[in-house]
Amino acid sequence: MKGCENITIAIIDADLIGRQKHRFPNLVCEKISAYYKEKGAEVQLKLDYDDLSEFDEVFISKVFTDTPVPKWITDAVNMDSGEVDLPDNIHVGGTGFFFDHAPNLPEEIEHHMPDYHLYDKWIADKVDAAKKEAQDTNKPFNEKSFMVQFKGYTDYSIGFTTRGCFRKCPFCVNKKYDKVFCHSSLAEFYDPSRKKICLLDDNILGSPKWKEIIQMLIDTGKPFMYKQGMDERLLTDEKCELLFSAKYDGDFTFAFDNIADYDLIERKLQMIRRYTNSFNIRFYVLVGFESTDVQDIINMWKRIELLMRYNCLPYIMRFQNKNETPWMDSEFRCLYTAVARWCNQPSFFKKKSFREFCEADQKLYKTVCSSMRALVDFEKQYPNIAKEYFDIKFTDYNLGIKIN
Ligand code: SF4
């Protein structure tokens, strides 16, 4: 396939530029790159927004709404209407710009094998810079450990086996479709030279084809993971049997967004524990969505306690959307942060109660630290809630799983 010889293309992964710790490739950028390289164009990953008029085409993609981009771009994009007023050679896309109205890629690009080497030069430059810094400061440099941060770029074949979700959770960006449908065959994005497979499906367990797809992944012999989490409400014995016997990569991730699902989630936790004693079961716990008052705090703690009881790990997700970050305006802002810091670092969560975590944090400061202040303030105001939850410990619910 040719037709773009002598054409210059700049690809900008806005999240890579705008988020310091961001370390995951933008699949759209990789697909656009592969498509145009195959057509003979000269493609480069651009790491700034300078001199864009020098390129025949510029593609800017953004996943997160809060990733900063230059003001002239923000001003030119109307997130709600989808209207864009940019020079003809500049194209923007992704949920970071258009939230749930993000337009689809053209089919021939969407279904193109990604360019897994788009980020190679950027990674090589990072390695060179780190080596040089180590040399200049006489510090040892371990390339293998340094490279771990880039594993999303180097180790995985990445794609969507299915797309869509029927649930339409009010806080979710995936509202475009009413069902889960097959999207790509594995062959479309599977590179056998890569060690692992990362799936970005919205709700694989809601697909009528879940079994064939998971079996296909197992048959590759490679570890795989569903990065966006899975819908535990749809777990069945058959699904558990296949999933928990597979060579899974990292944590099995589910979501426990709504306290109304408490009883259902408990039944599913019991089911999960009939099939695995894996320690790597993690649940996203959405907070600050329905409210940011004491009821939301209680609902958060109820979910943490339930997950702890089944030796699962909560991951606190503080709700934010394109316009608002309600938890930041809450009287419990510091408590949300402290609980998130405790839960989202399993090494703390597995070994310390919330109180012990705050006490350990306090030892690092001369004045009262924000975690301890959040604990003390809340306990003063709501002693009964604090009594119920602040001292509960993961190790008190040892299901016979070895803690490491
Ligand atoms: S189940 Fe998950 S993917 Fe589906 S709408 Fe809810 S949050 Fe989004």
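Helices α14 and α17 cross each other in a left-handed way. This is a predicted model, so take what follows as a tour of a prediction.

**Where α14 meets α17**

- Two packed helices are described by the angle between their axes and the distance between those axes.
- Here, α14 covers residues 333–343 and α17 covers residues 370–381; they pack at an angle of about 120°, and their axes sit 8 Å apart.
- That angle makes α14 oblique to α17, since angles from 65 to 115 degrees would count as roughly perpendicular and those over 145 as roughly antiparallel.
- On the α14 side, the residues making the contact are Cys 334, Leu 335, Ala 338 and Arg 341. Their partners in α17 are Ser 370, Ser 371, Ala 374 and Phe 378.
- Sort the residues of this contact by type and you get five nonpolar, two polar and one charged.

**Helix α2, mostly covered**

- How far apart are the end C-alpha atoms of α2 (residues 27–38)? They are 17 Å apart, which agrees with the 16 Å that twelve residues should span at 1.5 Å a residue.
- Nine of the twelve residues in α2 are buried, among them Leu 27, Cys 29, Ile 32 and Tyr 36. Glu 30 and Lys 31 are on the buried list too.
- What do the buried residues of α2 pack against? Their neighbours are the strands β1 (8–13), β2 (42–45), β3 (57–61) and β5 (156–159), plus helix α5 (107–110).

**Helix α13, largely enclosed**

- With 16 residues (294–309), α13 reaches 22 Å from its first C-alpha to its last, close to the expected 22 Å.
- Twelve of those 16 residues are buried, so the rest of the structure largely encloses α13.
- The buried set includes Trp 301, Met 300 and Leu 306, along with Asp 296, Arg 303 and Glu 305.
- After α13 comes Asn 311, which has a positive phi, near 50°.

**Gly 159, tucked into β5**

- Gly 159 belongs to strand β5. Is Gly 159 buried or exposed? Its relative accessible area is 3%, so it counts as buried, the cut-off being under 20%.
- Leaving out residues up to four places away in sequence, Gly 159 touches Leu 27, Phe 189, Cys 198, Leu 199, Leu 200 and Asp 201.
- Gly 159 and Met 113 are 46 residues apart along the chain, and their C-alpha atoms are separated by 9.2 Å.

Notes:
Residues numbered from 1 in each chain as written. Predicted model: local features only at pLDDT ≥ 70, side-chain atom pairs only at ≥ 80, totals over all residues. Heavy atoms only, no water. Axes fitted to C-alpha atoms, helices over the stretch in contact; angles between N-to-C directions. Helix = DSSP H or I, 4+ residues; strand = E, 2+ residues; numbered from the N terminus. Parallel < 35°, antiparallel > 145°, perpendicular 65-115°, else oblique. Left-handed = near helix turned anticlockwise from the far one by under 90°. Contact = heavy atoms within 4.5 Å. Nonpolar A, V, L, I, M, F, W, Y, C, P; charged D, E, K, R; others polar. Expected span 1.5 Å × (residues − 1). Buried < 20%, exposed > 50% of the residue type's maximum accessible area, 1.4 Å probe, protein only.
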